[in-house]
Amino acid sequence: MSTRAQPATVRELGEFALIERITGGRAQGPGVLLGPGDDAAVLATRGRYVVTTDMLVQDRHFRLDWSSPREVGRKAIAQNAADVYAMGAVPTGYVVALGCPAETPVAFAEELAAGLWDEAARAGGSIAGGDLVRSPQVVISVTAFGDPIGTEPVTRSGARVGGTVAVAGRLGWSAAGLAVLAAGRADEPEWAGALATHRVPRPPYEAVREAVAAGAAPDALTDISDGLLADLGHIAGASGVAIDLDSAALRDTELDECAAALEADALQWILTGGEDHAFAGVWPPGVPTPPGWVPVGSVSAGHGVTVDGCRRPGRGGWESFSGVDSSDTGESR
């Protein structure tokens, strides 16, 4: 008696069968009142919500010879969840659109979905729905919804003169991992930590959640996706202030060792690398920063961002249309 072969590709399985395979049997979080299976999802809300969306394009934002499907899925959720937390909110649900070639293996889609759910479990919220289309390459678009933890969202525009700039999470490690991959040294065991951070960022969600829930929310907040200088530049511009960073407070001796081995500049990774999805906030004058946050700078009258009182040359971080792409630098934002 012969057994029928299981469909190996998305073309063979079909759109709706694949959707059922990667969504069936998943438990929805309390913020999702109606999940996949209807024309749209239904999410619970307390009267207002935050919403953000990000897109990842194969060979622009990730390379499948450098990252596994599960890692790409986790990264897709992490960068969206970090944006929700950067508004002083917690995720309640996500909708995910996937474009892929017809010959994409079903196993790839299953592993990608597993990564999406893995990170959603860590960040909060669940996958409420999405879309699946045929495309020339893999494209993933995630939209995340969240509820403010406090009475109001935390924006970039609240920083005040005399405030303290502090960060939660490690900076520069995703850039270090990218440098290792670009140098062709990924097989060397000493780079495991940097590679893991680059492939799957681990935003310190709990640092934001605990601070805001305890009534110790910052005046302004952002996640570090494009580089510390660039993202603090957004806070400085929106708030109409100047920010000065202390390079000694930013120093990471372990990262210094990695940079020395690659003949690179660790401080440059920290200031412009991005994609760590750590958080940077500004606390009011005279207010101590909460546990889990490290003071690294101060706010004064003026504009822009300096380091030890000086402007850094060059771009402060990633720009989507700068002309730099994955063929030059590997994975990029």
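## Helices H3 and H4

Let's start with a helix pair: the axes of H3 and H4 come within 7 Å and cross at roughly 35 degrees. Axes here are lines fitted to C-alpha atoms, for helices over the stretch in contact, and angles run from 0 to 180 degrees between N-to-C directions. The model is a predicted one, in which local features need pLDDT of at least 70, side-chain atom pairs count only at pLDDT 80 or more, and totals for chains, interfaces and linings use all residues. Residues are numbered from 1 along each chain as its sequence is written, and side-chain values use heavy atoms, with hydrogens and water left out. Helices (H or I, at least four residues) and strands (E, at least two) are DSSP runs, numbered from the N terminus.

The crossing of H3 and H4 is right-handed; that word applies if the near helix is turned clockwise from the far one by less than a right angle, and left-handed if anticlockwise. On the H3 side, the residues that meet H4 include Val72, Ile77, Ala81 and Tyr85. Their partners in H4 include Phe108, Leu112, Leu116 and Ala123. Contact means heavy atoms within 4.5 Å. The residues of the contact of H3 with H4 divide into 13 nonpolar, two polar and six charged. In this scheme Ala, Val, Leu, Ile, Met, Phe, Trp, Tyr, Cys and Pro count as nonpolar, Asp, Glu, Lys and Arg as charged, and the others, Gly among them, as polar.

## The four-stranded sheet

H3 (residues 69-85) lies across S3, S4 (89-100), S5 and S6, running at about 150 degrees to S3. H4 (residues 106-123) lies across S4, S5 and S6, at about 170 degrees to S4.

The sheet has four strands in the order S3-S6-S4-S5, with mixed pairing. Two strands pair if DSSP finds at least two bridges between them. S3 (50-57) and S5 (127-134) are the edge strands, each pairing on one side only. From one strand to the next, the twist averages 15 degrees. S3 and S6 (residues 139-148) run antiparallel and are joined by eight bridges; to find one of them, look for Asp54, whose bridge partner in S6 is Val142.

## Helix H7 beside H3

H3 also meets H7 (residues 205-213): their axes come within 10 Å and cross at roughly 20 degrees. That makes H3 roughly parallel to H7 (angles under 35 degrees count as roughly parallel, over 145 as roughly antiparallel, 65 to 115 as roughly perpendicular and the rest as oblique). H3 passes H7 in a left-handed crossing. Ala78, Ala81, Ala82 and Tyr85 of H3 make the contact with Tyr205, Val208 and Arg209 of H7. By class, six of these residues are nonpolar, none polar and one charged.

Tyr205, Ala207, Val208, Ala211 and Val212 are the buried residues of H7, where buried means under 20% relative accessible area, exposed over 50% and partly exposed in between (1.4 Å probe, protein chains only). These buried residues pack against H3, H4, S7, S8 and S10 (279-283). Just after H7, Gly215 takes a positive phi of about 80 degrees.

## The six-stranded sheet

A second open sheet has six strands in the order S8-S10-S7-S11-S9-S12, and its pairing is mixed. S8 (220-223) and S12 (304-307) stand at the edges with a single partner strand each, so one side of each is left without a neighbour in the sheet. Neighbouring strands are turned by 25 degrees against each other on average, direction ignored. S7 (residues 164-168) and S11 (residues 294-300) pair in the antiparallel sense over four bridges, and Thr164 stands opposite Ser298 in S11.

Arg170 lies in the loop between S7 and H5. Arg170 is partly exposed, with a relative accessible area of 46%. Not counting residues up to four places away in sequence, Arg170 touches Asp252, Glu254, Asp276 and Ala278. Arg170 and Ala278 are 108 residues apart in sequence, yet 6.4 Å apart in space, C-alpha to C-alpha.

The axes of H5 (residues 173-182) and H6 (residues 192-199) come within 7 Å and cross at roughly 110 degrees. That makes H5 roughly perpendicular to H6. Residues of H5 including Trp173, Leu178 and Leu181 meet residues of H6, among them Leu195 and His198. By class, the contact of H5 with H6 has seven nonpolar, four polar and one charged residues.
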